[in-house]
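Visitor: I am new to reading protein models, and I would like to go through one slowly. Could you show it to me and let me ask about its side chains?

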Amino acid sequence: MIQIIPAIDLIDGRCVRLTRGDYLQKTIYDGSPVDVARSYADCGVKRIHLVDLDGAKVGEPRNLRTLEAIAGAVDCELEWGGGLAGDAALKDAFEAGATHAVIGSVAVRQPELFKNWLSQYGPHIILGADVRNGRVAISGWQDSSPLGIEDLVSRFLPLGLQECIVTEISRDGTLQGPASSLYVRLQRAFPNLSFTVSGGISDLSDIRALDALHLHKVIVGKAIYENRIRLEEIKSWSQNASSPASM
């Protein structure tokens with residue numbers, strides 16, 4: 001079964017969601033990030049997706065204290081992205097409790113550094129590829145690069161890359177359903193790479209459809225905050241995914 005990875009996006013230490021990556025279309029949600037993370041962990045999820053939106057915007061981490069607090073409160077994997085632009089920032093994120101680092105802008109702008117991180121940290125490095133109009137966006141989705149997603153993946157696949165999170169920006173935060181054909185195409189093109197679907201999940205039917213397409217992982221954010229997907233549903237799904245019959 002496809003693995004559900006709940007998302008927590010952070011601005012100023014608070015849970016937020018953007019629409020299509022636009023910082024001006026921001027919704028702030030009640031509840032501390034630590035409490036939200038704990039509620040996800042109580043559902044039995046194996047991993048939580050954390051994004052430092054402040055860090056992504058300025059190019060260095062801004063919410064590491066929140067990461068530390070979450071890491072101290074839950075016992076599951078934490079994938080962390082946003083502002084990881086240098087060795088010190090990456091080390092700080094791991095020391096604060098991240099089990100995986102999601103790297104986007106560096107992979108585009110400094111491919112040699114990203115290669116070094118793959119060599120040093122192996123499967124703890126995840127390529128974060130955010131796509132707008134067929135091109136990879138960087139710097140918290142504020143800038144676009146000339147690279148297509150296939151070009152970026154092909155650059156690093158021979159160097160030990162194992163996971164890639166692909167966000168279709170036009171779907172992110174819209175609750176309009178995922179760009180399923182994009183992920184099917186990528187999974188077929190790179191069968192040995194684990195792709196994570198990100199953007200547009202509206203309810204559990206979207207997740208069931210992605211599972212039927214044999215995709216590996218899916219990030220869910222706004223649909224949970226808007227109560228379109230209930231924690232009880234995530235708990236049931238996680239339990240079924242962990243059962244021997246689903247392996």
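Visitor: In which helix do aspartate 35 and arginine 38 lie?

Guide: This is a predicted model, in which local features need pLDDT of at least 70 and side-chain atom pairs count only at pLDDT 80 or more, while totals for chains, interfaces and linings use all residues. Residues are numbered from 1 along each chain as its sequence is written, and side-chain values use heavy atoms, with hydrogens and water left out. Helices (H or I, at least four residues) and strands (E, at least two) are DSSP runs numbered from the N terminus. Aspartate 35 and arginine 38 are 3 residues apart, about one turn of the helix, and both belong to residues 33-41, which form helix α1.

Visitor: What is the N to O distance where the side chains of aspartate 35 and arginine 38 meet?

Guide: A salt bridge requires a side-chain nitrogen of Lys or Arg within 4 Å of a carboxyl oxygen of Asp or Glu. Aspartate 35 and arginine 38 meet in such a salt bridge, with an N to O distance of 3.1 Å.

Visitor: Is arginine 47 buried or exposed?

Guide: The term buried means under 20% relative accessible area, exposed means over 50%, and partly exposed lies in between (1.4 Å probe, protein chains only). Arginine 47 has a relative accessibility of 5%, so it counts as buried.

Visitor: Which strand holds glutamate 79, whose side chain meets that of arginine 47 in a salt bridge?

Guide: The salt bridge between glutamate 79 and arginine 47 has an N to O distance of 2.9 Å. Arginine 47 lies in strand β4, and the pair ties together parts that are 32 residues apart in sequence, because glutamate 79 lies in strand β5.

Visitor: Which residues are linked with arginine 47 in a network of salt bridges?

Guide: Glutamate 77 also meets arginine 47 in a salt bridge, at 2.9 Å from N to O. That pair links distant parts of the chain, 30 residues apart, with glutamate 77 in strand β5 (residues 77-81) and arginine 47 in strand β4 (residues 47-52). The network links Arg47 with Glu77, Glu79, Glu163 and Lys217.

Visitor: How many disulfides does a search of the whole structure find?

Guide: A disulfide is counted when a pair of cysteine sulfur atoms lies within 2.5 Å. The sulfur of cysteine 76 has its closest cysteine sulfur in cysteine 43, but the distance is 11 Å, which is too far for a bond. Across the whole structure, the number of disulfides found is 0.
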